[in-house]
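Work through these exercises with the structure open. Try each task before reading its solution.

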Amino acid sequence: MEGLNREGQWIVMMGFLVSLGIFFLAVVISQSTLVGQTTAEGVLEFPKNDIQDMRHEILVVEKFERDRNPPTTAMENISKDFATIALYRKSAEVWYNYSVYDCHNGKRSVNIHYNNGVTVYNETTQVYYVPC
Amino acid sequence: MVNSAGQLYTMEGIAAGLIMLITAYIVLGSTSVYTPGDTHLTDMQLEQVGSDILRVMNTPLKMNNTLAPDYQSNRTDLELLVNTSDSERRFTDTFLYQYLYNSKVVAKETTVGGIGIQINATVWYRRWDGSLFNYTLATSPSTLGTYTGREPGVRVTRWVHTDFRPHQPSSLPASEWTAGMRREPQEMLVEVVMWKV
């Protein structure tokens, strides 16, 4: 080493640094396709529309049962529809339970459960209405 | 002892070799093959559009209408559709012509007269005995093209609440309609399969 001109050391060192920087960028780029695909598949797999739809529809049934005069047992009957059809056509377990409708209370709770093996969704919601 | 003057050249040679090896490794490792199994990623947009259309169709026509507080006035397009005798034509009209063909997704890749998306809609319901049954709600007109079998289909669904047993669909035998369907408020599942031609 001593025989060499020391002036060139900067050039060699900067060469190494630049090449290391390029390696880091290359690693980032090579990972990006994989990350993009994983993210997109995660979005696809999450049953956002199914959960929102089911939730909306259960609350529709709740309102339907409450508004009916004379009172019906719509929520109990229809829970079998949800359970059966969701299991066979959506590969999901859907069930709900609820407090008994009493028009003096002014509120009522509904527990919604969803499980398709990958995503589990549980919700307890309060439905408010004008007490009689 | 060899001459020590060549050490820097040796180190540089080894470093250059390492750099080349790592470069080759990264380049080979970063090539991703777009296999046909990955094409479902591009179907996400179609699935979202179909889901949105069904959601719009299942929105109550008069929400919070104080003049018509009865539940009947809060029916949705989709609920009305399964309760009419002309449901096949009306579903196709609404789903395909009113919404899908006007959406940006379709407008970009198709031309007038050569619409490339077909649908097949079925309704699933629970019978008296607890078993599942389905009938065809609508299929897209055959003038739109034929099924090539190459493109994967996407499936979108929507729950529909109906007050009573639906109007007898044309694709359902009268015996099944009389004996199988329940005469009470129930939930049905509208299932639409969409595919590109």
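Helix axes are lines fitted to C-alpha atoms over the stretch in contact, and angles run from 0 to 180 degrees between N-to-C directions. The model is predicted.

**Exercise 1. Helix packing in chain A**

Find how close the axes of α2(A) and α3(A) come, and classify their crossing.

Solution. 
- Start with the axes. Those of α2(A) and α3(A) come within 9 Å. They cross at roughly 150°.
- Now apply the cut-off: angles over 145 degrees count as roughly antiparallel. Therefore α2(A) is roughly antiparallel to α3(A).
- Next, the hand. The crossing of α2(A) and α3(A) is right-handed.
- Then list the residues. α2(A) contributes Val61(A), Glu62(A), Phe64(A) and Glu65(A). From α3(A) come Ala74(A), Met75(A) and Ile78(A).
- Sort the residues of this contact by class. Five are nonpolar, two are charged and none is polar.

**Exercise 2. The sheet of chain B**

Give the strand order of the four-stranded sheet in chain B, and identify its edges.

Solution. 
- The order is β2-β1-β4-β3, in an open sheet with antiparallel pairing.
- The edges are β2 (132-139) and β3 (153-162) of chain B. Each of these pairs on one side only.
- From one strand to the next, the twist averages 25°.
- Take one pair in detail. β1 (residues 117-126) and β4 (residues 186-196) of chain B pair in the antiparallel sense over eight bridges.
- As background, strands of a sheet pair through backbone hydrogen bonds.

**Exercise 3. Helices across the sheet**

Which helices lie across β3 and β4 of chain B, and at what angles to β3(B) do they run?

Solution. 
- One comes from chain A: α2(A) lies across β3 and β4 of chain B. The angle of α2(A) to β3(B) is about 10°.
- Another belongs to chain B. Helix α2 (residues 44-57) of chain B also lies across β3 and β4 of chain B. The angle of this helix to β3(B) is about 15°.

**Exercise 4. Domains of chain A**

State the domain bounds of chain A and the separation of the domain centres.

Solution. 
- The domain assignment gives domain 1 (9-45) and domain 2 (48-128).
- Taken over C-alpha atoms, the centres of domain 1 and domain 2 of chain A are separated by 48 Å.

Key
Residues numbered from 1 in each chain as written. Chains lettered and ligands numbered in written order. Predicted model: local features only at pLDDT ≥ 70, side-chain atom pairs only at ≥ 80, totals over all residues. Pairing = 2+ DSSP bridges. Helix = DSSP H or I, 4+ residues; strand = E, 2+ residues; numbered from the N terminus. Contact = placed C-beta atoms within 7 Å. Domains from an automatic or database assignment. Parallel < 35°, antiparallel > 145°, perpendicular 65-115°, else oblique. Left-handed = near helix turned anticlockwise from the far one by under 90°. Nonpolar A, V, L, I, M, F, W, Y, C, P; charged D, E, K, R; others polar.
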